[in-house]
Structure formats: C-alpha cells, structure tokens
Amino acid sequence: QSQQELPASYESEPDATGMRLAVSYRWAGQGADRHMEKVTKYIKTVTKTTRVSKAAEERRNWTRFGAAASTKDDSNVTIKVHDPVPLEVAGQVTQDADIQAKIMKTLKAGQQENAFKQQFERLMGDGGDGTDGAGTAA
C-alpha cells in the first residue's frame, strides 16, 4: 500500500450555523499493522464585524511621514524607536542623585523655616492657645 491509494481530502460548504466538515485520510501504524485512518474535523466559521470611526478611516489614508514613509509594507505601520525614554511613576522616589539632593535641600530649608516660625510665635506670645506669652487672655 502506498500514499497514492489514499482517497482525496474534501471540505464541505458552511451550513446555516457556520459549521463545515473537513475530511482527510492518513496512514497509521507500521509494517503489517499499517492501516488507513479517516480524520474528520468540524470547523466553525465565524464572521467578525469591526466598527471603525470615520476619523480613523480618514487617518489611514494620510500620507506617511518619517521612518514609515520609506516602508513598503501596507499593513498597520508601527516603527519601533530604540531611543531611551525615561518614565517617572507618580509616587515613586527618583534615584537620580541630583534630584535627591535638591529634594533634601528643599526639605531642610522648609524645616528650618518651620522651626523659625515656631520660635517667632513663641517669642511673640501667640502659642496658638489664645493666650499671650505670659499665659493671660489677650
């Protein structure tokens, strides 16, 4: 028995539910146990509809520019740029030494200013409790 004796494969047209039947044949086993197998596949045909806005369709017809202008590929053009792009995540402290030094300098200046304000208020007698420095009501 040889490969030429295998029946031809066939595929049916999709029915009302989109199912189609594909039948093929192959040899299985070895030696005296070699036999022909029928392989049956049920394939679901699905039609997907995608909505595209008018503005997006218009953008697809624009003339290309930059690195995409020299590309012959008509598919969705995405050009990768290998330039480093630094990103800062909100709430994360940056590890750059210069920025860290500026932050610490600002914090120290703010602490010194706050300490000066507290000392001034104590000297002027406004302790925040509605009394003057001597403890009598103002």
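This is a predicted model: local features need pLDDT of at least 70, side-chain atom pairs count only at pLDDT 80 or more; totals for chains, interfaces and linings use all residues.
Colleague: What makes E2 and E3 count as paired strands?
Modeller: Pairing requires at least two bridges between two strands. E2 and E3 are joined by 10 bridges and run antiparallel, so by that rule they pair.

Colleague: And how do you know that E1 pairs with E2?
Modeller: There are two bridges between E1 and strand E2 (residues 19–28), in the antiparallel sense. The rule asks for at least two, so E1 and E2 qualify. In E2, Val 23 lies opposite Tyr 10.

Colleague: What connects the strands of a sheet in general?
Modeller: Backbone hydrogen bonds do, and the pairing can be parallel or antiparallel.

Colleague: In what order do the three strands lie in the sheet?
Modeller: The order is E1-E2-E3, in an open sheet with antiparallel pairing.

Colleague: Why are E1 and E3 said to stand at the edges?
Modeller: Strand E1 (10–11) and strand E3 (35–44) each have a single partner strand, so one side of each has no neighbour in the sheet.

Colleague: What lies between E2 and E3 in their hairpin?
Modeller: Six residues separate E2 from E3, and in the turn Gly 29 has a positive phi of about 85 degrees.

Colleague: How much of the protein counts as buried?
Modeller: Buried means under 20% relative accessible area, and 8% of the 138 residues count as buried.

Note on methods:
Residues are numbered from 1 along each chain as its sequence is written. Side-chain values use heavy atoms; hydrogens and water are left out. Helices (H or I, at least four residues) and strands (E, at least two) are DSSP runs, numbered from the N terminus. Buried means under 20% relative accessible area, exposed over 50%, partly exposed in between (1.4 Å probe, protein chains only).
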